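Hi everyone, thanks for making time for this. I'd like to walk you through one structure today, from the whole down to a few residues. Please have a look at it first.

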Amino acid sequence: MYSGRDLTELSMMAKNKWKNEELSFFHHSLQQITPYLNVEGQTIHREIIEEIESRGGV
């Protein structure tokens, strides 16, 4: 189970400063609710995906 920083704290940081565990957890969480995300949520999810890809996957 994830017990790291919450999305509010992480949203104030650049995605390249996030830990792999944080990227993975929030990617999975946002992926589960994709149909319900507003534009801001979709943008955050896309940025997380881009950061995961830039690291070569998680």
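Let me begin with a term: a residue is called buried under 20% relative accessible area, exposed over 50%, and partly exposed in between, using a 1.4 Å probe and protein chains only. Please keep in mind that this is a predicted model, where local features need pLDDT of at least 70 and side-chain atom pairs count only at pLDDT 80 or more, while totals for chains, interfaces and linings use all residues. Residues are numbered from 1 along each chain as its sequence is written, and side-chain values use heavy atoms, with hydrogens and water left out.

Now the overall picture. The protein has three helices and zero strands, so helices and strands here are DSSP runs, H or I of at least four residues for helices and E of at least two for strands, numbered from the N terminus. Along the sequence, the pattern reads α-α-α.

Of the 58 residues, 24% are buried. Contact means heavy atoms within 4.5 Å. Among the contacts with a separation of 6 or more, 39% come from residues 24 or more positions apart.

Let's zoom in on K15. This lysine lies in the loop between helix 1 (7-10) and helix 2 (20-32). Is K15 buried or exposed? K15 is buried, because its relative accessible area is 15%. Leaving out residues up to four places away in sequence, K15 touches L23, I44, E47, I48, E51 and R55. With E47 there is also a polar contact of 3.1 Å between the side chains. By polar contact I mean a pair of N or O atoms within 3.5 Å; within protein, one must be able to donate a hydrogen and the other to accept it, and residues adjacent in sequence count only if both atoms are side-chain atoms.

E51 counts as buried because its relative accessibility is 13%. Again not counting residues up to four places away in sequence, E51 touches K15, N16 and L23.

R46 is placed in helix 3 too. At 46% relative accessibility, R46 counts as partly exposed. From C-alpha to C-alpha, R46 and E21 are 17 Å apart in space, and 25 residues apart in sequence.

Back to the loop between helix 1 and helix 2, where we also find K19. K19 counts as exposed because its relative accessibility is 51%. K19 touches R5 and R55, once residues up to four places away in sequence are set aside. Its C-alpha atom is separated by 14 Å from that of E50, 31 residues away along the chain.

My last stop is L7, in helix 1. L7 is partly exposed, at 28% relative accessibility. Which residues does L7 touch, not counting those up to four places away in sequence? They are W18 and F26. Between L7 and I48, 41 residues apart in sequence, the C-alpha to C-alpha distance is 12 Å.
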